[in-house]
Amino acid sequence: MVSSWLTVLSFAWASTAAFHTNLNYASPSLRHLALGIDLPKVAKRSPALRARAWAPEALSFTHGVASGDPLPNSVILWTRVSPTLENDASNATVEGNVPLYNHDTEIYIKASNNPVCVEYQVGADKNFSSVVDKGTAYTTSDIDYTVKVEAKNLEPFTQYHYQFNVCGSSNKSPLGRTKTSPRADDDVTKVGLAVYSCSNYPNGYFNAYGNAARKDNIDYVIHLGDYIYETGKGTLGKDPRATNPSDEIFTLYDYRTRIAQYRTDLDLLLSHQQYAWIPVWDDHEVSNNGYRDGSSGLNNTEESFRKDGGVSVDQRKMNAVRAYFEWMPIRQVDMDDNLRIWRTFQIGKLLDLIMLDTRNYDRSITTLNWNNDYVAELIDDAGRTLMGSHQENWFYGQLSKSADRGATWRIIGNQIIFSRLNNTARDNDWLNADQWDGYTANRNRTLHHLYSNGISNTVFLAGDSHANWVSDLVWLDEMPYDQVTGAGSIGVEFAGTAVSSSGYAQNITYGNIEAAGLVRDNAELQWTEGYYRGYYELQISPREITANYFGCPTVAFRNPLEISLANFTVLAGANHLQRSVANGTVENGALQRGSVKPTNLTRNTETGAWNVTHFDQMFIKY
């Protein structure tokens, strides 16, 4: 009798441990466990797990595999295994009088009594001849049947393969590949990054994700946000990339379903399967032009509440954030510290990667279409902040700690354009106050910290704008700057175009006229280009950083084609772009001192073949 009870207790302990293995049960809080899923209640709901398990053939790995947030000895692994392609329809955090952060969904929607059991293994090769880590985890409808585990006991800066399977069966996920980061004190000779932002599903295919994966010249993927868009477009069943749900999204089910749809793009699946990602969100993961108290499409007024589905700003943010953490291979930093996603990665002695949130974390009010003139009057207000005081002070501390520890480079993963930008050449107003230009005191504090502490080799990355911008990092009107040599600059900024969202240039001819005006009106802006969709790669060594920009000739259909647009070099210690910038020639756009020589020379990243191509249509037409 005693042995029977011991068997039951040991099984219950093992089952609970397997639930804990799945990190998504702690979403959206790792610090306050009571605010995550109530695991004892989930376990109690299914006391005889083995007897009531799903038949393996009834389950599918619906959205591939993914990995992310690499550390020297561990990495996050992700998959989804489910009896249905559909997402869990629970709206428990948004309907009626449900308390904030309540994840007890059972009283609102019937939860599955059948947990799905998965096993995972990590091997030194794709045949798993040497298994270095393995484990078991459960998932349920409570977390949309997602699985997120931390693979441990790994070696630094080492490539691994991983795979999930339904427990005790040959029903396996696709084979994934990942890589750990170096130790902080490791001497690293080279690291390659692919940098992306702004993938709009109905606008076009995500060819850029696949191009870097097929070339396979990088170590990690950096995503600067707008991984999804919240708006609806097209008609399901009629248009090939119509959004699901069809309208703008607000509920937990909506956000889960939209991310799931994006995760069906074959090139996005390939990138996730092949690389460890380090992502942050921008605004569209929640809602356009977000700030601490709302967004351009939602605020806490009665009119907005009635118009936009009866959802408050806080409820909508919680829905978006919970779905994001369920579906993305990312570590939970401290989610109850007001949406914290900002974090740092030490990549050997070579670089520190500092990922910021300039959108949702305690940001002062931004332009919301109806208040643009009002915000324009506030841009120099000393109290305005993009990050909130907590994150801002943390950011300056990370910059100083990175310099003090002797890291060669400081790479800042940031959503929006940092450099001052006079937009007159493409708009009636010079100011885009939704960028750092709308928060000049915050930018001045950042530049002051860099200049006054002599922190060199700083590289800002940016997305959001749907165009390419390359600038010296300059404190204009405060520090001397020589536009010809770059002297006086404290670093550089590499901002990239969108994966598929529309840019400022509707065609090449008119776009290049605008680009020429932009480099004319902005002393530190060395190159801009607004027509091509794409990405850029950074190859980082102790001596230099090279930035290679690539453009997709069309995203109207899936294809493996790309054009080399421009290449830039930054020497360690120089703190400005190497002259002559881009070796004096770019494929498109406008260069501060140099020429534009269009060739349309296109590489097929699948075959390696080169051809001259031309497409009249960049985006999907509706």
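Mentor: Let's start with a term: a residue is buried when its relative accessible area is under 20%. Keep in mind as we go that this is a predicted model.

Trainee: Thanks! Is Ser74 buried or exposed, then?

Mentor: Ser74 has 6% relative accessibility, so Ser74 counts as buried. You will find Ser74 in strand E2, which covers residues 74–82.

Trainee: Which residues is Ser74 in contact with, beyond its neighbours within four places in sequence?

Mentor: Those contacts are Asp69, Glu150, Ala151, Lys152, Leu154, Thr180 and Arg331.

Trainee: Now for helix pairs. How should I read those?

Mentor: The general idea is that two packed helices are described by the angle between their axes together with the distance between the axes. As for handedness, H3 passes H5 in a left-handed crossing.

Trainee: Which residues make the contact of H3 and H5?

Mentor: On the H3 side they are Asn207, Tyr209, Gly210, Ala213 and Arg214, while H5 brings Asp267, Leu268, Leu270, Ser271 and Gln274. By class, that contact holds four nonpolar, four polar and two charged residues.

Trainee: At what angle do helix H9 and helix H10 pack?

Mentor: H9 (residues 388–405) and H10 (residues 440–452) pack at about 20°, and their axes lie 10 Å apart. Angles under 35 degrees count as roughly parallel, so H9 is roughly parallel to H10. Here the crossing of H9 past H10 is right-handed.

Trainee: Which residues of H9 and H10 meet?

Mentor: From H9, look for Glu392, Phe395, Tyr396, Leu399 and Ser400; in H10 they meet Asn442, Arg445, Thr446, His449 and Leu450. The H9 contact with H10 divides into four nonpolar, four polar and two charged residues.

Trainee: Why do residues three or four places apart in an α-helix point the same way?

Mentor: An α-helix has 3.6 residues a turn, so residues spaced like that point the same way.

Key: Residues numbered from 1 in each chain as written. Predicted model: local features only at pLDDT ≥ 70, side-chain atom pairs only at ≥ 80, totals over all residues. Heavy atoms only, no water. Helix = DSSP H or I, 4+ residues; strand = E, 2+ residues; numbered from the N terminus. Buried < 20%, exposed > 50% of the residue type's maximum accessible area, 1.4 Å probe, protein only. Contact = heavy atoms within 4.5 Å. Left-handed = near helix turned anticlockwise from the far one by under 90°. Nonpolar A, V, L, I, M, F, W, Y, C, P; charged D, E, K, R; others polar. Axes fitted to C-alpha atoms, helices over the stretch in contact; angles between N-to-C directions. Parallel < 35°, antiparallel > 145°, perpendicular 65-115°, else oblique.
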